Amino acid sequence: MNKSLSQLGQQLLAIWKQLGLNQRISLVIATGVLAIGLSAMFYWTSRPDFALLYGKLDEGEASKVIAALDESKVPYQVRGAGAIYVPSDKVYQARMQMAGKGIPRGEGVGFEIFDKANFGISDFVQRANYTRAVQGELARTISQLDQIESARVMIVMPENRLLVDTSRKPTASVFVRVKGAATLPAAAVNSIRFLVANSVEGLQVNNVSVVDNQGNVLSENDESDSIAGLSNNQLTARRNIEQYLAKKAQGMLEQVLGPGQAVVRVSAELNWDTVTRTEEKFDPDGQVVRTAVINDETTDSSTASGGGAPPSPANGSDTNTPAGPPVNKSRTQKKVTNNSYELSKSTSNTVQAAGGIKRLSTAVFVAQRFEGQGADRKAVTRTEGELKKLSLIVQSALGIQENGASRQDELTLQEIPFNDQTMTVMSQQMVVQEKHQLWMDTVLKLVYPAMAGAVLFLFWRLWKNTAKDEVPFAFPMTNGNGNGNGHGHGNGNGRSKNGSHGPGIVTVDVLNQLIRENPANMTQAVRSWLARGKPES
């Protein structure tokens, strides 16, 4: 093995000695470029892929995480403010290790304040610690929102007293630092307020204020029993109705006319009166017997015809005793019916809630139609029938009532030329930018192959322009051992410029050819050439 390597090294050294200066420089440059390329490829393929471990950490928590990573001998990178990256295959392992050590804890103090038992502390300190813990946990939770960089929560709880004061209620303030210069959406603000209100006992949503880092009060007063809250609710409801109706009509017109060819604005007048109406109706034909009282009386009476009362027979008297004077008997019967009737009655109670549409005023602008392009572009006015159809479409979409209805709605539709100069300029700029981008992409796609071709062409030119190494070589003109062959080669290749058979110039290519054709004669010629300058013994 060592012998083979030695022979290979000798062969490479022999080849290196046969190369010219330009060939050696080209070979060194090519070898260096190849080595640099292989090293870069090996570096990029062997380097670990880093993934995010924790982000948005403050300096204190970031220092704790870095100290823990140094202790665990885990490689890491710090990018930006509070962003720590570790190799992707060690992210979850590092997070579990950090969680076991209780870091990072985030901003503020959370419920970990109660991890250590503190005996002998007062009730006031205990309640203060609980408030701090709730504030810290809420701040950490709010900071998890995508739009928020950091947050702080301040909660004010009424003091515990013997006499409960119902007028004193808990309040809270939230300070948020929004990412960039963006404005926090209303939905995110409401979610923060509900989150804080539902985390504190007795806290109402209206008692939570939200302020951003630019000094803007993001929370609104939604109390329905206050003038400010009522006005805000009314304006919000009116704005929502107007935007909804305008968007519905404009979207339908743009489907017909094209994007940007119509503008719709709606002004809605809402009725904020709450009406309670009670009605009672009686139906005289619908009589119903409510009570019925019937008095039935029968009276029996008897009188003697001669006057006086007839004698009554004594006890034990004979029944055959002749009767007295005749008796007149009479019976009187009376029946009285009393009926009480109830008329049919219907009672209705109607409550009309506030917020109904009282009147709609709608303004519609339709872009003027153009035909042709360039210098032949001209405006074409729509007919009255076309404008009437568009007006009916908008009227039906918005529910506008016609004249004579309870509502006096108004609709105005006009066709006017739109100022599309800005849009035209922007469109032209976009076209120019797209062309530039296309040319840049095309040039970049051609530059890299061109550069590669130029490098190859440069190497080829260096190789072609490499001067051939000329070896001075003289054949002995009279050599009995050469048998005339050396003389013949000397005539063909070693001839001087003046045509004599003196020493000439033999190139490396010719020398190789001569060695291949007759190695024995060339060996003798080389020996003669080497021994030519030695002194005779």
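Helices, of at least four residues, and strands, of at least two, are taken here as DSSP runs numbered from the N terminus. In this predicted model, the protein chain holds 12 helices and 15 strands. Buried residues account for 21% of the 537 residues in the chain. Of the contacts in the protein chain between residues at least 6 apart in sequence, 68% link residues at least 24 apart.

An open sheet is formed by three strands in the order 1-3-2, with antiparallel pairing. The antiparallel pairing of strand 2 with strand 3 (residues 83–87) extends over three bridges. Arg 79 has Ala 83, in strand 3, as its bridge partner.

Helix 3 (residues 59–72) lies across strand 1, strand 2 and strand 3, and runs at about 20 degrees to strand 3. Helix 4 (residues 91–100) also packs on the sheet, where strand 1 and strand 3 are touched; the direction of helix 4 makes about 20 degrees with that of strand 1.

The axes of helix 3 and helix 4 come within 11 Å and cross at roughly 115 degrees. The two helices, helix 3 and helix 4, are therefore roughly perpendicular to each other. The crossing in which helix 3 passes helix 4 is right-handed. On the side of helix 3, the contact is made by Val 65, Ala 68, Leu 69 and Ser 72, and on the side of helix 4 by Ala 94, Gln 97 and Met 98. By residue class, the contact of helix 3 with helix 4 comprises five nonpolar and two polar residues and no charged ones.

Elsewhere in the chain, Ser 209 was examined individually. Ser 209 is located in strand 6 (residues 208–212). With a relative accessibility of 32%, Ser 209 counts as partly exposed, because this class lies between the limits of under 20% for buried and over 50% for exposed. When residues up to four places away in sequence are not counted, Ser 209 touches Ala 172, Ser 173, Val 174 and Ser 219. A separation of 9.9 Å is found between the C-alpha atoms of Ser 209 and Val 153, which are 56 residues apart along the chain.

Definitions and conventions: Residues numbered from 1 in each chain as written. Predicted model: local features only at pLDDT ≥ 70, side-chain atom pairs only at ≥ 80, totals over all residues. Heavy atoms only, no water. Pairing = 2+ DSSP bridges. Contact = heavy atoms within 4.5 Å. Axes fitted to C-alpha atoms, helices over the stretch in contact; angles between N-to-C directions. Parallel < 35°, antiparallel > 145°, perpendicular 65-115°, else oblique. Left-handed = near helix turned anticlockwise from the far one by under 90°. Nonpolar A, V, L, I, M, F, W, Y, C, P; charged D, E, K, R; others polar. Buried < 20%, exposed > 50% of the residue type's maximum accessible area, 1.4 Å probe, protein only.
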